Amino acid sequence: MKAPDSVKQFAKKHWGTDEVLYEKQWRGYDVFSPVFPDGAVLGTPQLIFLQDRRPRAATVDEAFEYLDEYEEGATEADL
């Protein structure tokens, strides 16, 4: 899925990058993650949730719930 301009603009405003990757659909949201120039991400996962054309940042709890569920559904080869 191509990231809508609203998601790119949201990422640029909050994290300084307008490059984002589509992750998957989760709990009614299209989930995107910002791509940082140096590739490194430390701390809480940064995720953008898009629903009804409105992007928002995932809360800390949502980010970890997403990761828990994402990893539960992944095979060992995916991790």
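Is F49 buried or exposed? At 0% relative accessibility, F49 counts as buried, where buried means under 20% relative accessible area, exposed over 50% and partly exposed in between (1.4 Å probe, protein chains only).

## Basis of the model

This is a predicted model, in which local features need pLDDT of at least 70 and side-chain atom pairs count only at pLDDT 80 or more, while totals for chains, interfaces and linings use all residues. Residues are numbered from 1 along each chain as its sequence is written, and side-chain values use heavy atoms, with hydrogens and water left out.

## Fold

The chain holds 2 helices and 4 strands, which follow one another from the N terminus as α-β-β-β-β-α; helices (H or I, at least four residues) and strands (E, at least two) are DSSP runs, numbered from the N terminus. Of its 79 residues, 30% count as buried.

## Aromatic pairs

Rings of Phe, Tyr and Trp (its six-membered ring) pair if their centres lie within 6.5 Å, with planes under 30 degrees apart counted as stacked, over 60 as edge-to-face and the rest as tilted. By this rule there are 5 aromatic pairs. In one of them, the ring centres of Y22 and F32 are 5.3 Å apart and the planes stand at 65°, so the pair is edge-to-face. Because Y22 belongs to strand β1 (residues 20-26) and F32 to strand β2 (residues 29-34), this pair ties together parts that are 10 residues apart in sequence. Y22 is partly exposed at 30% relative accessible area, whereas F32, at 0%, is buried.
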